[in-house]
Amino acid sequence: MATRGVVYIHSAPPALCPHVEWAVGGALDVRVQVDWTPQPASPGALRGELSWQGEPGTAARIASALRGWLHLRFEVTEEPSPGCEGERYSCTPTLVIHRAAIGVHGDLLVPENRIRAAITAAEDPTALSTLVEELDKVLGTAWDAELEPFRYAGDGAPVRWLHQVV
C-alpha cells in the first residue's frame, strides 16, 4: 500500500541544503533535488518543497532524518491510507519536533488519552487557563504560530513529485 505526502522546508541556510536533499533522499531511497528559492521571511535562508509517494511511515523516516539540525524549519505530511491515519511533523529550531495525527478530512486528531493527560497535567481540571495551555501543547499551537509566516512565504512555489522505490 502506498501513500503520499509533502516535505516543506520552510527555511534552511544555503550550506545545509545539500545535506537536506541527501537526508530526504536517504529516507525515500531515491536521489532528491529540491528547487530552492529565497525565503522572504528569513533573509539569507532558502525554502523548498517536494511531494513524495511511498509506504506508510515514510513521513516519520523523513522527519527523523531532518530532526535536530539547527536553523532548519520544516514540516512533513503524510496522507491517510487504508489502516493508517495521516501524520504531520512540524519542526523549528526553538521548539524541536511535534507530531500530529491527521484524519481523512484533514483534521488534527487528538486521542482520548492525550486529552486525559492534558487534564491531569493541568492539576485542577476547573482551571481553564492551565487546561488551555496543556491542550495547546497537544495541538501544536506554538509550532503553527512559529511556522505560519514561513508558510505564507512559500505560496506559489513549485512542487516536485517523487516516488519512493519499493
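Guide: Two strands pair if DSSP finds at least two bridges between them. Keep in mind that this is a predicted model.

Visitor: Which residue in β3 is the bridge partner of Thr3?

Guide: Gly54 is the partner of Thr3. The strands involved, β1 (residues 3–12) and β3, run antiparallel and are joined by eight bridges.

Visitor: And how many bridges join β2 to β3?

Guide: Two, again with an antiparallel run; β2 covers residues 37–38. Within that pairing, Pro38 stands opposite Leu46 of β3.

Visitor: Is β3 (residues 46–54) largely enclosed or open?

Guide: Largely enclosed by the rest of the structure, because seven of its nine residues are buried.

Visitor: Switching to the core. Which residues have the most contacts inside the largest nonpolar one?

Guide: Val7, Val24, Ile62, Leu66 and Val76, in a core of 24 residues. At least two residues come from each of β1, α1 (17–28), β3, α2 (58–66), β4 (73–78) and β5 (86–92). The top contributor is α1, with six residues.

Visitor: What does Val76 touch?

Guide: Leaving aside residues up to four places away in sequence, its contacts include Val6, Val7, Trp52, Ala59 and Ile62. Ala63, Glu87, Arg88 and Tyr89 are also among them.

Visitor: How many disulfides are there?

Guide: Zero, from a search of the whole structure.

Visitor: What about Cys91, buried or exposed?

Guide: Cys91 has a relative accessible area of 4%, so it is buried. Cys84 is at 32% and therefore counts as partly exposed.

Notes:
Residues are numbered from 1 along each chain as its sequence is written. This is a predicted model: local features need pLDDT of at least 70, side-chain atom pairs count only at pLDDT 80 or more; totals for chains, interfaces and linings use all residues. Side-chain values use heavy atoms; hydrogens and water are left out. Buried means under 20% relative accessible area, exposed over 50%, partly exposed in between (1.4 Å probe, protein chains only). Helices (H or I, at least four residues) and strands (E, at least two) are DSSP runs, numbered from the N terminus. A nonpolar core is a set of buried Ala, Val, Leu, Ile, Met, Phe, Trp, Tyr and Cys residues joined through side-chain atoms within 4.5 Å. Contact means heavy atoms within 4.5 Å. A disulfide is a pair of cysteine sulfur atoms within 2.5 Å.
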